[in-house]
Amino acid sequence: MEQFEVSESQTFLFIYFKVLHAGSTNKNAFKTLIAAEYSGIQVELVKNFEMGVSNKTPEFLKMNPIGKVPVLETPDGPIFESNAIARYVTRLKADNPLYGSSLIDYARIEQWIDFATLEIDANILRWFIPRIGFAVYLPPAEEAAIAALKRSLTALNTHLSSSTYLVGHSLTLADIIMTCNLTLGFSRLLTKTFTSEFPHVERYFWTMVNQPNFRKILGELKQTESVPPVQKPSQQKEPAKPKEPAIPKAKEESKKETKKESAKPKAEEAGEAEEAPKPKPKNPLDLLAPSKMILDDWKRLYSNTKTNFREVAIKGFWEMYDPEGYSLWFCDYKYNDENTVSFVTLNKVGGFLQRMDLARKYAFGKMLVIGSGPPFKVKGLWLFRGTRGSPVCDRRVLRHGALRLEEGRHHR
């Protein structure tokens, strides 16, 4: 039972029954549980929650049709989305200091909640999720995520250089959400070498997680010593397949008999129609005249050159390049005005590179996402086997609907 003063003359008593559906290690659930500790609100974490099972039941899907966690069950109906749940729990206490003491405090708290979600959490996840095999791992996308995260942490570090908390002189909901979002990074991705560039963020994070109400929910945290290795999707454990119901013996025998009978005419038909397997048609590019340029040699030189790139790799490229056997192309994305969200733009480029995988043997390219803000420009430079008029250039690349390609001039 919790008491809230509504006016000077009246005091109402409310009994709230709140159950949070999420796993015990879910950092998005931590936001609500820590906010509840500071607000004196009782929130019960559902017991024996199993991700992938509990959130797929009809009862759970009624609360959140897309099956995501966390979900808060309240007398007035369910709430999903972790920030919304944390806000709701915080507002259950009248004049809660977690929401500041003025309108400008409130606005800045919301500002930093958005920053923690869109700039910190989003970039940590873009780095982490592909590494554990839950998304396609693309090195350029990872580089972009790390660069974006560093830019965000630099901004946060600058702000915290003169502040203990994100807003004002006491802890707010913004600090709770920011710290919970950083928890995944510090515990799984961000090594001491990485975070040492942001000393004020380090000081802020360890100060927050060692507060009693944080420590009660998070327990003792340790910073990771290494970045997790890339795990391919195939390395994930597949869910156990449900066992097929046992078939009675009588039915099983009758099935075997019908299978044998139906197999005989099929075998006879196959014997009559059997032909020698046809040889696979050769790729038209394999029929081109041999080129003095060995593409794998260039790829090896490019990958292994870590310093003095212009003098070593670029010079080596022009020594290898064969304009009779290969051609250079610039490409521009036709719809750059649609590239308003950085990670969506990166996903487009990643999808294009996946579809180009079949050309790996015959091509080499570099795609760039350019711009510090939207709209982002997508450009690229490609080396293709063959020249204008050859099959790969005319049919497989130049006719890509979303790209505009222009043949490059061979200036060194």
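Reader: Hi! Which way do strand 7 and strand 9 run, and how many bridges join them?

Author: Hello! In this predicted model, strand 7 (residues 326-333) and strand 9 (residues 377-385) run antiparallel, joined by seven bridges. Within that pairing, Leu328 stands opposite Leu383 of strand 9.

Reader: Nice. And how many bridges join strand 8 to strand 9?

Author: Eight bridges, and those strands run antiparallel too.

Reader: What do strand 8 and strand 9 form, and how many residues lie between them?

Author: They form a hairpin, with six residues between the two strands. Gly371 sits in the turn and has a positive phi of about 130°.

Reader: Switching topic: which residues have the most contacts inside the largest nonpolar core?

Author: Those are Leu153, Leu156, Leu166, Leu173, Ile176 and Met178, in a core of 44 residues. Helix 1 (27-39), helix 4 (103-131), helix 5 (139-160), helix 6 (173-189), helix 8 (199-209) and helix 9 (212-218) each supply at least two of its residues.

Reader: Which helix gives the largest share?

Author: Helix 6, with 10 residues of this core.

Reader: And what does Leu153 touch, leaving out residues up to four places away in sequence?

Author: Leu153 touches Ile120, Leu182, Phe194, Phe198 and Val201. Apart from this core lies another one, of 17 residues, including Ala22, Val71, Leu72 and Ile85.

Reader: Now the cysteines. Is Cys180 buried or exposed?

Author: Cys180 is buried, with a relative accessible area of 0%. Cys331 is buried as well, at 2%. Both count as buried because their values fall under the 20% cut-off.

Reader: How many disulfides turn up in the whole structure?

Author: Zero, from a search of the whole structure.

Reader: Good to know before I set anything up. What pLDDT does the chain average?

Author: The chain averages a pLDDT of 82, and 78% of the residues score at least 70.

Reader: Where does pLDDT stay under 50?

Author: One such stretch is residues 1-16, and another is residues 236-240.

Reader: How many contacts beyond four places in sequence does the model have for those two stretches?

Author: For residues 1-16 the model has 26, and for residues 236-240 it has four. Where pLDDT is low, the predicted coordinates should not be read in detail.

Notes
Residues numbered from 1 in each chain as written. Predicted model: local features only at pLDDT ≥ 70, side-chain atom pairs only at ≥ 80, totals over all residues. Heavy atoms only, no water. Disulfide = S-S within 2.5 Å. Buried < 20%, exposed > 50% of the residue type's maximum accessible area, 1.4 Å probe, protein only. Pairing = 2+ DSSP bridges. Helix = DSSP H or I, 4+ residues; strand = E, 2+ residues; numbered from the N terminus. pLDDT = per-residue confidence, 0-100. Contact = heavy atoms within 4.5 Å. Core = buried A, V, L, I, M, F, W, Y, C linked by side-chain atoms within 4.5 Å.
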